[in-house]
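Colleague: I am new to reading ligand sites and cavities. Can you walk me through a model?

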Amino acid sequence: MASPLRLRSALALVTGAGSGIGRAVSVRLAKEGATVAACDLDRAAACETVWLLGGQGSEKVAPGGAHTAFQADVSEAGAVRRLLEQVQACFSRPPSVVVSCAGLTRDEFLLRMSEDDWDRVIAVNLKGIFLVTQAAAQALVSSGCRGSIINISSIVGKVGNVGQTNYAASKAGVIGLTQTAARELGRHGIRCNSVLPGFITTPMTQKVPQKVLDKVGDVADAVTFLASEDSGYITGASVEVTGGLYM
Ligand SMILES: CCCCCCCCCCCCC[C@@H](O)CC(=O)SCCNC(=O)CCNC(=O)[C@H](O)C(C)(C)COP(=O)(O)OP(=O)(O)OC[C@H]1O[C@@H](n2cnc3c(N)ncnc32)[C@H](O)[C@@H]1OP(=O)(O)O
Ligand SMILES: NC(=O)c1ccc[n+]([C@@H]2O[C@H](COP(=O)([O-])OP(=O)(O)OC[C@H]3O[C@@H](n4cnc5c(N)ncnc54)[C@H](O)[C@@H]3O)[C@@H](O)[C@H]2O)c1
């Protein structure tokens with residue numbers, strides 16, 4: 001049975017916090033007592049998420065400080081370095097929970113996919129998670145803090161999907177990156193796990209043809225469990241949240 005406010009002392013950095021799963025994860029972590037650093041490429045969207053969490057006056061409900069919005073392109077090394085610097089300057093500590101939700105699609109059949117469509121999806125979905133995981137782990141290790149890093153992959157990274165050679169490759173890469181980070185960072189008290197959602201209705205899924213959707217259901221609960229000490233003995237896992245899709 002999960003205890004209430006499992007994350008009361010946690011500072012959680014969520015990327016892709018401006019929409020969909022990232023926004024839902026931010027709301028759920030805040031409900032468990034975490035202070036949320038909501039990051040997105042779209043600053044206005046990140047600010048809207050912070051407003052939903054209670055805005056600048058939210059330190060009343062977030063003991064670790066007011067929820068705060070940050071803007072960064074996770075595919076750019078300098079932007080990610082500055083993001084972690086800004087978060088630590090704002091809260092005087094590194095984030096003990098890091099959830100990488102930032103991602104995008106550039107879907108196209110293999111026979112027609114452009115190099116740019118491949119490069120951009122790999123840069124954001126895979127290199128972005130490399131950069132955020134590395135910068136967050138460096139901050140935690142240098143400050144001697146424990147942490148939980150949760151990287152959002154996709155069931156598509158395990159089974160593939162029509163029109164998504166770039167996206168599937170990026171999400172499969174996230175699984176391998178996270179398993180390796182788990183092996184390396186365990187000695188520092190940092191857990192790393194992947195979550196593989198199935199089909200979650202968000203702006204990202206609007207392009208799926210209706211007749212495909214007619215064949216296909218919550219991620220934030222799985223992320224919160226992995227962020228908390230309730231999952232203290234789980235690291236290196238790939239947690240499928242698909243309602244049984246592709247069992
Ligand atoms: C047991 C149930 C199986 C149900 C399959 C579930 C599929 C969706 C799973 C999504 C999992 C979560 C994904 C998650 O990580 C987040 C996302 O990535 S959401 C976006 C997912 N993207 C797609 O699924 C691709 C959607 N398709 C497209 O964007 C376009 O079709 C495109 C590939 C760009 C091609 O466009 P174009 O206009 O050239 O062709 P059409 O759209 O007319 O499609 C041509 C035929 O291909 C069939 N098709 C398209 N997408 C899919 C698909 N995902 N699965 C199966 N078939 C697909 C489409 O129905 C057409 O078929 P037909 O020629 O027979 O009419
Ligand atoms: N929705 C689904 O069915 C589904 C299933 C499996 C996995 N996922 C994954 O979950 C994550 C969130 O997806 P979603 O459905 O909420 O999508 P979404 O489009 O609603 O949200 C993605 C967010 O990421 C942000 N973003 C995009 N590129 C960025 C960058 N370079 N730097 C910083 N932020 C950036 C966007 O601005 C947006 O706010 C993605 O990694 C996606 O691949 C989604």
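Colleague: Which side chain has an N or O atom 2.7 Å from an oxygen atom of ligand 1?

Modeller: A polar contact is a pair of N or O atoms within 3.5 Å; within protein, one must be able to donate a hydrogen and the other to accept it, and residues adjacent in sequence count only if both atoms are side-chain atoms. Here the side chain is that of Ser154. The side chain of Arg112 also has an N or O atom 2.5 Å from an oxygen of ligand 1. For Tyr167, a polar side-chain atom lies 2.5 Å from a ligand 1 oxygen. The protein buries 66% of the 1,200 Å² that ligand 1 exposes when taken alone. Such accessible areas come from the Shrake-Rupley method with a 1.4 Å probe; for residues, only the protein chains shown count as cover.

Colleague: What should I know about the model before I go on?

Modeller: This is a predicted model, where local features need pLDDT of at least 70, side-chain atom pairs count only at pLDDT 80 or more, and totals for chains, interfaces and linings use all residues. Residues are numbered from 1 along each chain as its sequence is written, chains are lettered from A and ligands numbered from 1 in the order in which they are written, and side-chain values use heavy atoms, with hydrogens and water left out.

Colleague: What pLDDT does the chain average?

Modeller: pLDDT is the predictor's confidence in each residue, from 0 to 100. Where it is low, the predicted coordinates should not be read in detail. The chain averages 93, and 93% of the residues score at least 70. The model also scores ipTM 0.96 and pTM 0.94.

Colleague: How many residues surround ligand 1?

Modeller: A residue counts if one of its heavy atoms lies within 4 Å of the ligand. For ligand 1 there are 22, and the closest are Arg112, Ser154, Gln164, Tyr167 and Lys211. By class, that shell has twelve nonpolar, seven polar and three charged residues. Ala, Val, Leu, Ile, Met, Phe, Trp, Tyr, Cys and Pro count as nonpolar, Asp, Glu, Lys and Arg as charged, and the others, Gly among them, as polar.

Colleague: Which residues are closest to ligand 2?

Modeller: Ser19, Ile21, Asp40, Tyr167 and Thr202, out of 28 that surround ligand 2. The side chain of Tyr167 puts an N or O atom 2.5 Å from a ligand 2 oxygen. The backbone takes part too: a polar backbone atom of Ile200 is 2.8 Å from an oxygen of ligand 2. The protein covers 91% of the 830 Å² of accessible area that ligand 2 has on its own. The shell around ligand 2 divides into 14 nonpolar, ten polar and four charged residues.

Colleague: What volume does the largest cavity have?

Modeller: On a 1 Å grid over the protein atoms alone, a cavity is a set of points where a 1.4 Å probe fits but cannot get out; lining residues have an atom within 4 Å of a point. Grid points are joined across faces, edges and corners, and a volume is the space filled by probe spheres set on the points. Here it is about 30 Å³. The lining includes Thr15, Val74 and Ser100. By class, the lining has five nonpolar, three polar and no charged residues.

Conventions. 1 Å grid on protein atoms, 1.4 Å probe; cavity = no way out; pocket = protein on both sides within 12 Å on 5 of 7 lines; lining within 4 Å.
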